[in-house]
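Work through the exercises below with the sequence and the structure in view, and try each task before reading its solution.

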Amino acid sequence: MEEGKKFYPTGAYADLRKKALEDPEGFWANEARNIPWFRQWDRTLNWEEPFAKWFEGGLTNASYACLDAHLDSHTRNKVAYYWEDEFGNTRTLSYLQLWAEVNRLASALRMAGVKKGDIVMIYLPMIPELPVSMLALARLGAPHSIVFSGFSSQALADRITDTGAKMLITADFGLRRGKYIPLKVIADQAVRTCPTIRNVVVVRRGPAEQEVDMEEGRDVYYHDLLKNGDAFIEPEKVESAHPLYILYTSGTTGKPKGIVHSTGGYMVFCKSTFKWVFDPRPEWIYWCTADIGWVTGHTYIVYAPLVSGTTSFMFEGSPDYPSIERWWELIERYGINIFYTSPTALRMFMRFGEDPIRKHDLRSLRLLGSVGEPINPEVWEWYFKAIGGERCPIVDTWWQTETGGVLISPAPGCGLVPLKPGSATFPLPGIDVGIVDDQGKPVQDGTRGLLVIRRPWPGMLMTLHQDPKRYTEVYWSRFKGMYLAGDYAIRDGEGYLWLLGRADETLKVAGHRLGTAEIESAAVSMHFVAEAAVVGVPDQVKGEEIVLFAILRQGNNPSPELRKKLSDGIRTLIGPIAVPKEIHFVGKLPKTRSGKIMRRILKALATGTGIGDVSTLEDATSVEEIKRTYEEMKAMMAQK
């Protein structure tokens, strides 16, 4: 292949990639033998573009692969999770202990009526009961759908409604910066509008005397439920293509998309990518700082480490609470060897310099990882020197909720290549990446283009929940036979890939993907807003911040009170992460003659860059009006 001619790695790594691209089905069949199967597959890949069924005919179970498969080895007594919260509370679970709690919960959930194919919603903070719940449901063949515990009741209700979930697992509260987040109260608000929910399971974290509003006949405490469970329940032997989970991710238009991941193909991809990217040693301790509510946590806190028999550290809390040294204290105390975090967190730490880091012994670190967004070369260099002591390779990983796992990254587990600060280097074995122009034709080296994947891979999403047509339209309709990632990228003369961020109308705020449409919908749901448009502007810490332009309904005048009301409304409907940094009330929005809002113009105004061609605008006066309004707002803000 053209890419193969310029492929930089040599030796065994190059041979592995070459073999994977020449015989992908044979390659992935060999990788699939690294996870346990009750029945081997008949067909490695059934590809009816754009729908893939991997390891067709095979029977497996994710809970079995993550837990039972380790019980006949020394791993049974190995720590699966060290856990700590920001108050210093700790818990340790061995693989055997985790297996025992998962079995009891799975048994109790089955007695409560959960069966294969039932969708169960999870709304939990970063506590051990979260992976336990995931694995218990997987044991039953019941797909889980997790909602990030920072999301609002409305966001939770929307996802319950879309899945038709019959059960919700939540907690009395979560912790964030020393504050108690009333998750049960938020969950109750959501469930009021969700008639499909029959039972709510509540993890009680507070003392017995602390009052929790429990609805008789519907709500039950997690630990009371466990008492009813048997010590062992046979894992459901599910088809390889059986859905393991549904995870919602923001899209460019309409409601969030329910990404559906399989069991067999996804678990194979988890095991392989974890081995290639992180090269974990049996004695190493691994820490991924993501929240399990996002796909990074699904794959690289739960399924990939557990199927690999790795010891992980879980933390509930903020990186800078109660002090900026918190993460470095934890790395030193637990002897963390692999540290996987986001550029957003690193940029925040950079502001405080290296002194807080130097107070702690980080010599246990062996490998550093980056995830969530492209990492700036300056941040990469700082990460390498200040945290890694210039001795730890950095795996800069590119992937998406849709891909299930890492697709582009250095791969120490295959053979580490020379690293370039800011480059994710090369596609992993079996991943066929292309960079194309707007017509789908390959671009020359050094030219920005759209990132595409040219053949299926086992970790890929199977479809969108109850919307296969939208799946086809969003990912496969633009270029025949190619998955459209929605990111821009460049390949340099040595074959290294440089990811440049989103090409569509989604934002990356603190590493979290938010759709402009979802935020705009929340804005216009306010009775005083007629129309809204959202753009992202660069931010040194968060990567992007949200700027909202809104047109008020007749009879409403711009005021600080309305601005606060709009901000609070978005916080309620989506969550704090979606609250705009700036809100500007305008009389018009720049639109093309076909009625499409030209967000690039709004972004140019918000960042002070050139507007460019406006020949397709329906009304060019809106640009000047928005610019004038924006400058007035800036001046007002500067005076405060």
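**Exercise 1.** Find which backbone oxygen the side chain of Thr-425 reaches, and describe the surroundings of Thr-425.

Solution. Start with the side chain of Thr-425, which reaches the backbone oxygen of Ser-409 at 3.5 Å. Next, place Thr-425 in the chain, where it lies in the loop between β20 (394-396) and β21 (433-436), strands being DSSP runs of E with at least two residues and helices runs of H or I with at least four, numbered from the N terminus. Then list its contacts (heavy atoms within 4.5 Å): leaving aside neighbours within four places in sequence, they include Ser-409, Pro-410, Val-417 and Tyr-496. Finally, Thr-425 has a relative accessible area of 1% and is therefore buried, a term that means under 20% with a 1.4 Å probe, protein chains only.

The model is predicted: local features need pLDDT of at least 70 and side-chain atom pairs 80 or more, while totals for chains, interfaces and linings use all residues. Residues are numbered from 1 along each chain as its sequence is written, and side-chain values use heavy atoms, without hydrogens and water.

Methods: Buried < 20%, exposed > 50% of the residue type's maximum accessible area, 1.4 Å probe, protein only. Polar contact = N/O pair within 3.5 Å; in protein donor to acceptor, adjacent residues only side chain to side chain.
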